[in-house]
Amino acid sequence: MSARPNQESAAAQAETTSPHRAGFACFVGRPNAGKSTLTNALVGQKVAITSNRPQTTRHTVRGIVHRDDAQLILVDTPGLHKPRTLLGERLNDVVRTTWAEVDVIGFCLPADQKLGPGDKYIVKELAGIKKTPKIAIITKTDLVESKALAEQLLAVSALADELGFEWAEIIPVSAVKDQQVSLLADLIAPLLPVSPPLYPEGDLTDEPEMVMVAELIREAALEGVRDELPHSIAVVVEEMLPRTDRPADKPLLDIHANVYIERPSQKGIIIGPKGQRLKDVGTKSRKHIEALLGTPVFLDLHVKVAKDWQRDPKQLRKLGF
């Protein structure tokens with residue numbers, strides 16, 4: 001009987017002396033596979049914009065998960081896809097560069113969509129990355145019955161066999177219902193290198209505030225627009241300045257931003273009848289911006305045309321790509 005307390009204290013000691021780990025993990029997958037929603041769920045706060053439009057993510061957003069035993073820096077890449085524009089090619093380059101630099105790769109496959117050519121294309125590329133551990137993450141499990149989920153798990157396992165590699169883990173999750181999200185973090189943590197934390201406690205992302213504000217405006221602008229518009233929208237925050245004539249206990253931040261589209265005919269879609277759509281975009285995004293920055297905001301939005309910017313290297317540079 002007397003051995004048990006000693007065993008417990010030895011276990012507790014081992015736990016406290018296990019080394020801290022820190023490193024980078026990235027989520028890859030077809031556009032709209034739930035990567036941004038998963039990043040936000042793991043971080044516990046909105047750091048990546050989400051939309052039911054494919055190809056929403058254009059920057060690699062880093063979300064930071066702080067744990068006692070590890071720090072996970074999540075790199076959320078754009079969806080790998082067959083590019084039709086210069087922007088598309090640049091987004092694919094971003095994905096491949098990211099894969100080469102991270103410690104763990106999570107391949108996201110939605111539970112409610114059959115494994116398709118796009119998924120196979122990505123997994124084939126992943127098979128060529130020999131040393132990096134790869135986790136298969138079946139997302140959106142809240143949308144399917146258990147039978148369909150089991151089929152998806154088997155399919156993703158068989159695909160790795162076919163390509164001659166093994167997943168480090170296969171895990172089903174629902175970011176929306178918060179099911180198995182913390183278990184995913186538990187599985188990623190031991191695969192990271194032994195390291196002290198790389199970011200200060202409390203940091204949730206290393207994205208500059210102006211970039212995050214622009215992304216929140218773009219997210220609101222994407223809602224409810226016709227199918228031809230999502231890729232045509234870019235947002236640039238020109239300036240963010242505290243209003244000078246305000247008392248200290250009632251601060252106000254002035255944000256001036258331009259929403260760029262590619263053709264004059266698209267202007268009316270964004271602005272809407274009597275300017276109502278643009279007003280809604282401002283109202284929606286302002287709420288998220290105020291939550292992000294923790295201060296009241298005055299948002300000044302203007303719609304401008306940057307002709308065919310997705311195909312023009314000069315315009316792409318100007319818009320931050």
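Two strands count as paired if DSSP finds at least two bridges between them. Here, β7 and strand β8 (residues 253-261) pair in the antiparallel sense over eight bridges. This is a predicted model, where local features need pLDDT of at least 70, side-chain atom pairs count only at pLDDT 80 or more, and totals for chains, interfaces and linings use all residues. Numbering runs from 1 along each chain as its sequence is written, and side-chain values use heavy atoms, with hydrogens and water left out.

**The chain overall**
- The protein chain has ten helices and nine strands, taken as DSSP runs (helices H or I, at least four residues; strands E, at least two) and numbered from the N terminus.
- Of its 321 residues, 47% are buried, meaning under 20% relative accessible area with a 1.4 Å probe, protein chains only.

**The β7-β8-β9 sheet**
- Three strands make an open sheet with mixed pairing, in the order β7-β8-β9.
- β7 (234-242) and β9 (297-305) are the edges, each with a single partner strand, so one side of each has no neighbour in the sheet.
- Leu-241 has Asp-254 in β8 as its bridge partner.
- Helix α7 (residues 209-222) packs on the sheet and touches β7, β8 and β9 (contact is heavy atoms within 4.5 Å).

**Helix α2 against helix α6**
- Helix α2 (residues 35-43) packs on helix α6 (residues 181-188) at about 85 degrees, axes 9 Å apart; axes are lines fitted to C-alpha atoms over the stretch in contact, and angles run from 0 to 180 degrees between N-to-C directions.
- The two helices, α2 and α6, are therefore roughly perpendicular (65 to 115 degrees).
- Leu-38, Ala-41 and Leu-42 of α2 meet Val-181, Leu-184 and Ala-185 of α6.

Key:
Buried means under 20% relative accessible area, exposed over 50%, partly exposed in between (1.4 Å probe, protein chains only). Angles under 35 degrees count as roughly parallel, over 145 as roughly antiparallel, 65 to 115 as roughly perpendicular and the rest as oblique.
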